[in-house]
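These are my notebook entries on one structure. I look up sheets, cavities and ligand contacts in turn.

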Amino acid sequence: MEKAFDQLPYKVAHKTSLDMLLFMVPPALQGQIKDSTEDDLVSTGSAMLAFLRRLPEFKHSIKNFIDPERAFYKKNKKSALDLKKSGNDCFSRGAYPKALSLYSQALRVAPSSAEDGGKNVVAMLYLNRAVVLYNMGLLVECVRDCNRALAISPTYVKAWYRRAKANASLENYGDAVRDLQVAMIMEQSLDEKRKIENELKSLSQQQKDTRSSLDRPDENNMAMQDHSSHEAEPMSCQTDSLSAKTIFGIDQQFETWIRSSGTDEPHQIKIECVSTPNKGKGMAAVSEIPKASLIHTEEPYAAIILKEYRETHCHFCFNELPADMVPCSCCGGPLYCSQQCQIQAGGQATGINSNSCAIDETLSDELKKHIADITLANASASDIHHFFEHRHECHGVHWPAVFPPDVVLAGRILVKSTEKKGHHSNVSKLIGTVGLSHNYEELPLERKLEFHIYSVAMIYCLQNSYWSEFPNNGEIVAKFVTLLSMISTNSMAIVRMTSPESVEQVKVGQAIYSAGSLFNHSCQPNIHAYFLSRTLYVRSTEYVAAGCPLEMSYGPQVGEWLWVSRIEFLKDKYAFVCRCRGCAEINLPDLVLSAFRCVKPNCFGVVLAKGTAFYTKFIIDHPPSSEPHMQPKDEEIHKVAGHLFELTGCSDQIKPGSCLRCGSGLDLDTSYATIEETGPWSKRLEYEVFHKELETDTLSDALRALDVLRSTLHPYNKAIAQVRFRLQGLEDTIAHAFSMFGEFELALEHCKASIEILEKLYGPDHIAIGHELLKLASIQLAMGDPSAVEILDRAEAIFSLYYGCHANTIFPHLQCHKIQARELVQ
Ligand SMILES: C[S@@+](CC[C@H](N)C(=O)[O-])C[C@H]1O[C@@H](n2cnc3c(N)ncnc32)[C@H](O)[C@@H]1O
């Protein structure tokens with residue numbers, strides 16, 4: 001399940017030396033900070049500043065963070081050449097992946113102007129990597145690396161030659177011929193010239209033979225430019241007015257105009273920021289919104305990659321890094337999927353040759369243009385109005401890599417707002433304009449202390465890396481702490497699928513969206529947020545009447561987690577008590593999620609477990625004030641809960657172990673023990689299915705466990721279908737196991753049983769059902785059953801509800817399944 005909002009990812013594994021200072025803060029200062037409110041921050045900030053200034057350990061840590069000599073990727077020609085040599089050795093042994101990795105490491109430390117044997121080291125490294133990529137069959141990546149080498153050294157014959165080879169293999173004959181023509185003209189050695197000439201002849205012949213169908217020079221040239229991402233650019237819809245008018249809550253009315261790209265939502269949706277009775281500000285529909293409408297898109301105000309993904313995902317667009325990733329050309333720390341992303345993040349276009357080259361004037365206009373297209377491809381990529389979020393961090397220092405991401409994000413927000421208002425104006429005043437809410441007072445002591453320590457540390461780092469006159473006083477510490485609290489409350493986690501086949505998502509980045517941060521949470525959301533690159537997209541997943549709140553899930557949802565777990569999670573992680581519609585009234589999923597079956601045959605009533613009975617009593621005793629978006633109660637709730645809804649404000653009859661319909665009693669302790677006994681059987685099945693070493697006895701035991709669960713638990717209890725936090729439940733795992741044995745009929749039966757339960761818990765149009773339907777369809781496809789078409793259509797409808805026209809980009813395997821299914825029908 002997607003978790004749209006995230007809090008600060010403090011991970012023990014990433015503790016810095018500053019975290020250790022927590023334990024050195026004197027008890028008196030701790031006490032002062034523990035009870036502090038926003039109004040006390042100037043005095044607690046001054047006190048922390050005074051304490052840390054005197055502390056040798058703090059000075060030592062800061063020196064470590066800001067000294068370029070200690071940087072992780074210190075620029076060093078010798079190290080780059082050593083790594084290059086090791087890469088060459090691996091290459092000659094055929095160890096291509098290792099060679100690739102060594103050249104990439106060398107690129108991180110190679111100084112951009114370093115030369116070796118009269119050649120630019122960075123250009124040589126890009127070329128060497130291009131050759132490895134060529135040998136690995138990664139031809140597009142090879143061409144991109146050749147482009148990078150040529151952008152630095154336009155007369156690099158070997159790079160033109162390698163580019164020609166890769167283009168020829170890609171059947172881009174037009175480009176390949178032009179590359180060889182350039183190589184031949186630039187080559188000095190007569191022998192080599194002759195060799196190229198011969199290759200050119202045979203390539204020209206190949207080009208002639210295939211000209212009509214295969215030669216697409218312009219198109220190919222465009223596809224090979226450095227800014228071609230390995231993932232399709234999905235920007236068919238754009239926000240019109242948001243970026244201009246909504247930076248940090250200055251304007252409270254948001255209007256999203258959806259520009260149609262021919263296929264997607266041709267209408268205009270208006271949303272607005274409103275005051276809510278108990279959730280602060282929130283977003284609401286101005287007029288009615290149809291189900292599945294794109295209601296909002298937005299670029300982040302500031303964003304940052306999470307530490308765990310620094311080596312695997314692009315630091316700008318957050319997509320997975322390709323084999324030809326590009327390190328920051330100045331500091332080597334951040335990695336990017338393309339030079340385009342690198343320039344957008346850092347602003348530096350080092351290595352881009354700005355005056356083309358000493359191009360031989362005798363060259364034809366076509367070849368001159370060809371050279372210019374490649375060697376000047378990125379020079380125009382930077383936009384003077386764009387904010388380069390990494391630039392102030394890029395001074396060959398390593399604090400941006402080791403500080404918690406939210407602290408670095410706070411620095412980015414501060415610098416961006418400073419630069420927007422006019423460079424180096426009054427910084428303290430600027431933070432005051434960041435009009436986002438925060439829950440500083442609710443934070444535990446440890447978080448408050450961390451915020452204070454990192455705020456002081458950031459001031460020192462910004463003085464060193466950004467502006468030596470940066471103010472250093474209690475007021476600025478207070479502003480920083482407030483900013484960190486705002487980030488903690490408002491930052492969104494940018495998520496990605498773990499793989500095209502997977503339904504699992506991982507949080508790769510953290511961002512502040514000026515308007516997106518104003519959507520409140522609901523455990524029964526009516527909107528869904530997702531990300532393509534850095535862009536936030538929000539869609540309505542149900543019809544929303546005019547004036548109704550638009551609320552997304554920050555993580556927990558009804559049907560997925562029990563009420564008490566949702567409340568605890570939101571309190572712990574976001575420091576608020578949830579007052580959404582899903583938590584304020586009794587709903588079917590909360591009743592049945594962990595319920596037991598009534599002992600009386602044919603009674604469909606619910607026997608509540610201990611925790612749920614407590615919650616149900618609580619809700620009945622504390623009826624919520626009705627909100628405009630409250631839905632009428634489901635008939636099904638009356639059916640399973642029986643007389644519960646006839647109760648008027650009296651919850652005495654709601655007892656754990658007692659059927660809510662007929663009042664029959666159940667010995668809960670015995671039932672818990674019975675369920676407990678089935679645990680090892682289910683776990684063993686899961687293990688063996690996962691490791692693909694399934695034994696028939698294990699499946700028989702799991703079927704016995706399933707019988708026990710079915711006879712003890714309420715038929716809609718989630719444990720039968722799905723294990724908490726995992727998409728694979730017992731029915732699901734059994735279905736998977738039968739598929740592994742080729743018993744598709746039985747697999748189908750169990751898969752359907754699982755879906756039936758989940759539909760009760762989530763509703764038929766929930767994204768979780770979409771994923772389950774995909775599993776069902778793959779069993780049907782394996783059976784050659786044409787009804788897969790219908791199931792896939794249903795899954796597609798659900799994915800479109802959540803992802804609109806982007807469903808196919810996010811779930812590429814859906815279309816593959818559909819093609820297979822259509823073949824069955826034919
Ligand atoms: C990302 S902000 C949303 C905008 C915020 N309401 C504001 O006034 O700026 C998250 C904060 O809104 C409040 N909030 C959001 N959803 C809530 C809910 N379901 N119940 C109670 N408070 C909620 C909490 O204070 C939470 O920390």
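**Entry 1: the sheet with β10**

I start with a pair of strands: β10 is joined to β11, residues 505-512, by 6 bridges, and the two run antiparallel. I keep in mind that this is a predicted model. Next I look for a residue pair across these strands. I find M497 opposite Q505 of β11.

Which strands make up the whole sheet, and in what order? I read the order as β7-β11-β10. The sheet is open, has 3 strands and pairs them in antiparallel fashion. I then check its edges, which are β7 (302-305) and β10 (492-497). Each has a single partner strand, so one side of each lacks a neighbour in the sheet.

**Entry 2**

I move on to another open sheet of 3 strands, in the order β6-β14-β13. Its pairing is antiparallel. Which strands are at the edges? I note β6 (294-298) and β13 (527-532), each of which pairs on one side only. From one strand to the next, the twist averages 20°.

For A529, I find V538 of β14 as the bridge partner.

**Entry 2: a cavity**

Now I turn to empty space. Rolling a probe the size of a water molecule over the atoms shows where such space is left. How many cavities of 30 Å³ or more does a search of the whole structure find? The search gives 4. I pick the second largest cavity, which holds about 50 Å³ of space.

I list what lines the second largest cavity and get 10 residues. Closest to its centre are N439, L443, S488, T489 and Y574. Which helices supply at least two residues each to this lining? I find α20 (474-490) and α21 (563-574). The largest share comes from α20, with 3 residues. I also sort the lining of the second largest cavity by class: 4 residues are nonpolar, 5 are polar and 1 is charged.

I then check single contacts. For K281, a polar backbone atom is 2.7 Å from a nitrogen atom of the ligand. For N520, an N or O atom of the side chain is 2.8 Å from a ligand nitrogen atom. N439 is back in my notes: it is one of the residues closest to the centre of the second largest cavity. A polar side-chain atom of N439 also lies 2.9 Å from an oxygen atom of the ligand.

Terms used. Residues are numbered from 1 along each chain as its sequence is written. This is a predicted model: local features need pLDDT of at least 70, side-chain atom pairs count only at pLDDT 80 or more; totals for chains, interfaces and linings use all residues. Side-chain values use heavy atoms; hydrogens and water are left out. Two strands pair if DSSP finds at least two bridges between them. Helices (H or I, at least four residues) and strands (E, at least two) are DSSP runs, numbered from the N terminus. Axes are lines fitted to C-alpha atoms, for helices over the stretch in contact, and angles run from 0 to 180 degrees between N-to-C directions. On a 1 Å grid over the protein atoms alone, a cavity is a set of points where a 1.4 Å probe fits but cannot get out, and a pocket is an open set with protein on both sides within 12 Å along at least five of seven lines; lining residues have an atom within 4 Å of a point. Grid points are joined across faces, edges and corners, and a volume is the space filled by probe spheres set on the points. Ala, Val, Leu, Ile, Met, Phe, Trp, Tyr, Cys and Pro count as nonpolar, Asp, Glu, Lys and Arg as charged, and the others, Gly among them, as polar. A polar contact is a pair of N or O atoms within 3.5 Å; within protein, one must be able to donate a hydrogen and the other to accept it, and residues adjacent in sequence count only if both atoms are side-chain atoms.
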